[in-house]
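Please keep the sequence and the model in view while reading.

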Amino acid sequence: MALFFDAAWFDAQLAERGLSRRVMAAAAGMSEADLTLVFKDQRELSAGEVAAFAELLGLAAAEIARQAGVSTPVPGGGPEARITALERRVAALEAELARLRR
């Protein structure tokens with residue numbers, strides 16, 4: 001269990017970028033229900049989810065991990081992980097664009 005997930009900080013980061021929690025969940029390949037548990041501090045983020053949030057928000061993975069709770073792992077940043085994170089981010093943004101066009 002994360003020691004403290006700073007939901008207000010994450011919501012502020014999303015708002016600054018005009019993003020929603022739905023986009024955040026999609027970028028990390030998780031359900032909105034799982035993301036809700038994270039925001040309620042009832043589920044810890046995986047290293048991959050930390051990396052996806054970092055990519056989406058344009059912040060360092062260490063900052064994401066710190067705001068998510070000190071027990072959350074900081075991912076290694078190899079090229080394959082970066083490509084995977086970028087692909088998730090593009091998919092999330094494409095999904096959000098499609099939703100907005102409806």
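Is glycine 69 buried or exposed? Glycine 69 is buried, at a relative accessible area of 3%; buried means under 20% relative accessible area, exposed means over 50%, and partly exposed lies in between, with a 1.4 Å probe and protein chains only. Glycine 69 sits in the loop between helix 5 and helix 6. Its C-alpha lies 4.7 Å from the C-alpha of phenylalanine 4, although 65 residues separate glycine 69 and phenylalanine 4 in sequence.

The model is predicted: local features need pLDDT of at least 70, and side-chain atom pairs count only at pLDDT 80 or more, while totals for chains, interfaces and linings use all residues. Residues are numbered from 1 along each chain as its sequence is written, and side-chain values use heavy atoms, with hydrogens and water left out.

**Overall fold**

The chain contains six helices and zero strands, which gives the pattern α-α-α-α-α-α along the sequence. Helices (H or I, at least four residues) and strands (E, at least two) are DSSP runs numbered from the N terminus. Of the 102 residues in the chain, 37% are buried. Among contacts with a separation of 6 or more, 67% come from residues 24 or more positions apart, a contact being heavy atoms within 4.5 Å. The accessible surface is about 5,600 Å², and carbon and sulfur atoms account for 56% of that surface; the area comes from the Shrake-Rupley method with a 1.4 Å probe, and for residues only the protein chains shown count as cover.

**Packing of helix 2 and helix 3**

The axes of helix 2 (residues 21-28) and helix 3 (residues 32-39) come within 9 Å and cross at roughly 105°. Axes are lines fitted to C-alpha atoms, for helices over the stretch in contact, and angles run from 0 to 180 degrees between N-to-C directions. Helix 2 and helix 3 are therefore roughly perpendicular to each other, a term that covers angles of 65 to 115 degrees. In this contact, Arg21, Arg22, Met24 and Ala25 of helix 2 meet Glu32, Leu35 and Phe39 of helix 3. The residues of the contact divide into four nonpolar, no polar and three charged; Ala, Val, Leu, Ile, Met, Phe, Trp, Tyr, Cys and Pro count as nonpolar, Asp, Glu, Lys and Arg as charged, and the others, Gly among them, as polar.

**Salt bridges**

Side chains of opposite charge can pair when their charged atoms come close. The whole structure holds seven salt bridges, each defined as a side-chain nitrogen of Lys or Arg within 4 Å of a carboxyl oxygen of Asp or Glu. The table lists some of them.

| Arginine 43 | Aspartate 34 | 3.9 Å |

Arginine 43 is partly exposed at 22% relative accessible area, and aspartate 34 is partly exposed at 28%. Glutamate 63 and arginine 66 both belong to helix 5 (residues 61-68), three residues apart, about one turn of the helix. Here glutamate 63 is partly exposed at 25% relative accessibility, whereas arginine 66 is exposed at 52%.

Arginine 99 and glutamate 96 likewise lie three residues apart, about one turn, in helix 6 (residues 79-101). Arginine 99 is partly exposed, with a relative accessible area of 32%, and glutamate 96 is buried at 14%. Salt bridges that share partners also join Asp34, Arg43 and Glu49 into one network.

Terms used
Angles under 35 degrees count as roughly parallel, over 145 as roughly antiparallel, 65 to 115 as roughly perpendicular and the rest as oblique.
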